[in-house]
Protein chains: 4
Amino acid sequence: MTEFQAKKDLPSRWFRDYFNPYEHHEHALKGILYTGRSAFQEIVVAETLNFGRCLILDNEVQCAERDEFIYHEALIHPALALHPCPKRVAIIGGGEGASLRETLRHKTVEKAVMVDIDREVVECAKRYLPTFHNGAFADRRSEVLYMDGRKYLEDSKEPFDAVIIDINCPMEGGPAYMLFTKEFYSMVKERLTDQGVLAVQADNTSPAAFNTFTTVANTLKQVFPGVFPYTAYVPFFALMWGFCLATKGQNPLELSPEEIDRRISQRVQGQLRYYDGITHHSILNLPKYLREAIKAQTKVNTDSHPIIEKYPGMGR
Amino acid sequence: MTEFQAKKDLPSRWFRDYFNPYEHHEHALKGILYTGRSAFQEIVVAETLNFGRCLILDNEVQCAERDEFIYHEALIHPALALHPCPKRVAIIGGGEGASLRETLRHKTVEKAVMVDIDREVVECAKRYLPTFHNGAFADRRSEVLYMDGRKYLEDSKEPFDAVIIDINCPMEGGPAYMLFTKEFYSMVKERLTDQGVLAVQADNTSPAAFNTFTTVANTLKQVFPGVFPYTAYVPFFALMWGFCLATKGQNPLELSPEEIDRRISQRVQGQLRYYDGITHHSILNLPKYLREAIKAQTKVNTDSHPIIEKYPGMGR
Amino acid sequence: MTEFQAKKDLPSRWFRDYFNPYEHHEHALKGILYTGRSAFQEIVVAETLNFGRCLILDNEVQCAERDEFIYHEALIHPALALHPCPKRVAIIGGGEGASLRETLRHKTVEKAVMVDIDREVVECAKRYLPTFHNGAFADRRSEVLYMDGRKYLEDSKEPFDAVIIDINCPMEGGPAYMLFTKEFYSMVKERLTDQGVLAVQADNTSPAAFNTFTTVANTLKQVFPGVFPYTAYVPFFALMWGFCLATKGQNPLELSPEEIDRRISQRVQGQLRYYDGITHHSILNLPKYLREAIKAQTKVNTDSHPIIEKYPGMGR
Amino acid sequence: MTEFQAKKDLPSRWFRDYFNPYEHHEHALKGILYTGRSAFQEIVVAETLNFGRCLILDNEVQCAERDEFIYHEALIHPALALHPCPKRVAIIGGGEGASLRETLRHKTVEKAVMVDIDREVVECAKRYLPTFHNGAFADRRSEVLYMDGRKYLEDSKEPFDAVIIDINCPMEGGPAYMLFTKEFYSMVKERLTDQGVLAVQADNTSPAAFNTFTTVANTLKQVFPGVFPYTAYVPFFALMWGFCLATKGQNPLELSPEEIDRRISQRVQGQLRYYDGITHHSILNLPKYLREAIKAQTKVNTDSHPIIEKYPGMGR
């Protein structure tokens, strides 16, 4: 037998991220900085040994310090790079402020409205997650509202060049499942300018758990002429995560890598780490089985039959 | 397949208590209230869902709100009940204050000196573990010192009717392993009054992990005429925990259950929950395999060859 | 940071023993020798690194090679030692054969009938667990029947000097919950000779999980003049496990340790490892909180309201 | 509190796949079909509830029934699609037979030599993993040898159109670490025909664990004019897994998706599920941070300083 670690040297605090009842991913924790229950969800801020600080809502890992750049660059920049000159952006959800941060890096942006239903998430982020928002809440172009994002868009008068849906998965009992429906997407389309772009986080894409992803893509297709699902590997999730771009016709695959790099270089402050022209084409070209699963999906998510999940991606 | 729990309803934060590399006990956590590293050890205060708040030092679980009464009644009351009138008591270790609390319940006690090497543990307890000390630190009979307990006893002038050793297991790199030796026990004996009693926490008693327990018992036998090992099941540990009484000749098994109950009833404030005359005789009578293991143990723990552990009870 | 174990040296296969949703005990496995589903339950034979081979029924750990002597000596010998000369013994359950093995060590025993509802458990034991039965099934005094133990006793004509109930906990959906009721115990009493003794495994005794234990004791009290609950720590379970003796009046606490040792020495083949006169008195004297919980228990388990559990000891 | 699952309904057997000491991925097991230790490594065949049967060598998950198509299509088809007419293929490693199976789907292939050092792995696969080889071992074009793959290639006379390195990660104490060096790759290059292609599995690509991947890419660059690292998400690993193509000049990115689809359609029997022209371009375009990490890597793996790992991807 090899010499074993002593008890005192072993990691003893763990966060268990359930993929489903038969599989999970565990992170050793340095500590837990906050646990609380808002009107909408349980909020936890923990510090992992591998990924730094992280935000967890209703046991769903949202993002972690070390690799949130992947998720947030993947969510924000394809949409904004596709638009010729995005000035007004709405972010639905996005409580920890990182989507807002990435949006504000685009110098074209004049107004970024972030609408999160849960003020406590934003306050947690302000207190415990400074690298996530990195001052974005204080930017003079930001407006932060605490209300139902669907209600906000219904009532909003001025259109947006981009709408970003950065909300929880459509979990049973969670605050998000009514923001994945055909009716919601139809209303969002009306709030977009002519060249406006919608980007949504679209859940797990694993072979056994891509039901929500394919349903979201199929639901968007009922509403938008251009729908472009894509994925990015997020190490903290240990999953390929899904996203969708939806447009009134523009095709992001027609932008050359060089054109994307040019737009990023002209418009975006600082250096991106995940996204550029090559990444764009890589992630918007899905593996064959995912493309086929999307083609085969016939379900449409509606207000009367919304998809609801017990585990990410396993919606019914 | 049965209907499974949703992810949001499953416990996601866990404390893993390693018995050894091949076995552990896990507690779901509500949160972690404190993590820090003192000059002596890592200190964690966590809140478990089953056992309430608990103190953890160098990954070794010390005690938890819901069942610490078992450990602390088992450590303190057999010793104090055996003495005809315990007035002066020294507690070595015992940082969270519960041994002090139980000691002060004895109305005979005029002076209780608690000597813990780690001030930060005591400060943590004052802040986060109020039910553990329950005001004991503020009792006028208490004196709390922050220093090496061995040094304290070496230098102390006035003798004690009882000395309680409530310290960590003799872990590699931990602060406690020099307080389990023949030389230490010999010195303690000199500090005891004629009818003085020593009680020590004496580690795990599981069949595969009773090496420290049996060695402590055998080491005490080199010094004290009367040595009485005993055990109590501590649910938070999921282990039978070991203790030893050592005397200058008195035999705790000669006290009848009725006499113990009489002494407890006369001397102790409030109702005990774990200890009484019947419990006394139950726990001081060990199962056969433990008695035989103690008889068979020949090792003596010395300053030059102290027992040192990687896992509780698995000392070498 | 300390040097960490390499992946290849870490234990990777585990058995998780759920105490309840918030707490479990994990055993590293060398392998799993058998998994199957009989008409009554899921049967697993695994090999743990710490405890050797073990039997698991419906996820409930039954016993393991290294420490099953504790459970089986505790279940069998107090009952047989109490009887002046046990000749006929019935074992209800006990599929792996270890209760039969311990029973047959008593030279007074002329007939031992073991009745297990699940032939597949016995066949598994014969194939995979040779040290558990150790040839007991082939002893000429043994009779092994595969049927409902309750039905067997109802129909049996000749009385027994001891009846041993060695069955699963009264789990929801499991085969055992109708063998914990007042009606069942009343019928058992009629099958006992005048000095006959009943011994039952009586579930978890942990403070938060002793509901079944105290209910079994209280139910037996409705039927038997003498009821004596007791407990033994089983390291493989990491729990104090409960048992009850029930008699037509004999009091096991009136047998002196010396008398018990004399009986064991005269009657039992080979050396016991757990049980003797001192152990007898230790385990039959419960800690105060358990005695008080039994006194406070008013529930009686009946055929129309049987106790049914989701986790051991947490019956309702 | 919600109603919790009963113990009997919870998954109790688990395989823990350690990413590093602070993170792991756990799979519930139906059972373990085989555990053994060959002259080279520990071999385990387990059956997971989510991914079906799987092969595990020295605790390193190799592949699982449900998603091995991803890993094996990603390893084999880019290399074979790139070659104008692959006739002779050598597979180093690949014990479970799935790389051989995918290779033989190419009708151009006349000879496929599989060289695995560990006969016991192949025998395990034949017995327990029929869907992995799917008859490939019995194909008249197959030759299976049990010897050191490096030795085999050194001694081989006839060149190969493709060499596939499908071996373990370069683990400490494992059989594979001398097959990742510059000297080994130089020798392989000599065994390749003019348009010959090398494909190697190239370990974890996670941001904190891409050291082996980038080192393999950089080492190949010392030897081959064309080096093309790529990645595929393997759900069973919960990781993006790395691969490298190495060529004498051909550039796989110059093949259009249509040309790849044409070649696959002409040459490959049956339908692929993961790989086609779009997948090819997606996976060969890495995310920006990985491209930059490869560019920044200066280490070269040599026989005298081979990379050796404790955890996948964390080589030194």
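A residue is called buried here if 20 or more other C-beta atoms lie within 10 Å of its own, exposed if 12 or fewer, and partly exposed in between, with C-beta atoms placed from the backbone. With that in hand, welcome to a predicted model, in which local features need pLDDT of at least 70, side-chain atom pairs count only at pLDDT 80 or more, and totals for chains, interfaces and linings use all residues. Residues are numbered from 1 along each chain as its sequence is written, while chains are lettered from A and ligands numbered from 1 in the order in which they are written. Helices (H or I, at least four residues) and strands (E, at least two) are DSSP runs, numbered from the N terminus.

**A helix in chain C**

- In helix α6 of chain C (residues 182-191), the buried residues are C:Phe184, C:Tyr185 and C:Val188.
- These buried residues line one face of α6(C), because they fall within an arc of 95° when seen down the helix axis; the arc is that of the directions from the axis to the C-beta atoms.
- On the face turned away from the buried side, α6(C) carries the exposed residues C:Ser186 and C:Glu190.
- The cover over the buried residues of α6(C) includes α5 (149-155), β9 (160-166), β10 (192-204) and α7 (211-221) of chain C. Contact means that the C-beta atoms of two residues, placed from the backbone, lie within 7 Å.

**Chain A as a whole**

- Chain A has ten helices and twelve strands, and 62% of its 316 residues are buried.
- A compact globule of 316 residues would have a radius of gyration near 20 Å, and the 19 Å of chain A agrees with this. The radius is taken over C-alpha atoms, and the globule rule is 2.2 Å times the number of residues to the power 0.38.
- Along the principal axes, the C-alpha atoms of chain A fill a box of roughly 65 × 45 × 40 Å.
- Of the contacts in chain A between residues at least 6 apart in sequence, 67% join residues at least 24 apart.

**Two domains in chain A**

- Chain A is divided into domain 1 (7-63) and domain 2 (68-296), with bounds that come from an automatic or database domain assignment.
- The centres of these two domains of chain A, taken over C-alpha atoms, are separated by 24 Å.
- Between them, 19 residues of domain 1 of chain A are in contact with 20 residues of domain 2 of chain A.
- On the domain 1 side of this contact, β2, β3, β4 (52-57) and β5 (60-64) of chain A each supply at least two residues.
- By class, that side of domain 1 of chain A has eleven nonpolar, five polar and three charged residues. Ala, Val, Leu, Ile, Met, Phe, Trp, Tyr, Cys and Pro count as nonpolar, Asp, Glu, Lys and Arg as charged, and the others, Gly among them, as polar.

**Strand β2 of chain A and its partners**

- Two strands pair if DSSP finds at least two bridges between them.
- Strand β1 (residues 13-20) of chain A runs antiparallel to strand β2 (residues 23-37) of chain A, and six bridges join them. A:Trp14 stands opposite A:Ala28 in β2(A), and a hairpin of two residues links β1(A) to β2(A).
- β2(A) is also antiparallel to strand β3 (residues 42-48) of chain A, with seven bridges. Here A:Gly31 stands opposite A:Glu47, and four residues lie between the two strands of the hairpin.
- A:Glu23 has D:His27 as its bridge partner, and A:His25 stands opposite D:His25.

**The contact between chains A and D**

- Chain D and chain A bring 34 residues each to their contact.
- On the side of chain D, β2, β12 (239-247), α9 (277-284) and α10 (288-296) each supply at least two residues, and β2(D) gives the most, with six.
- That side of chain D is made up of 19 nonpolar, nine polar and six charged residues.

**A parallel pair in chain D**

- Strand β7 (residues 111-115) of chain D runs parallel to β8(D), joined by four bridges, and D:Val115 has D:Leu145 as its bridge partner.
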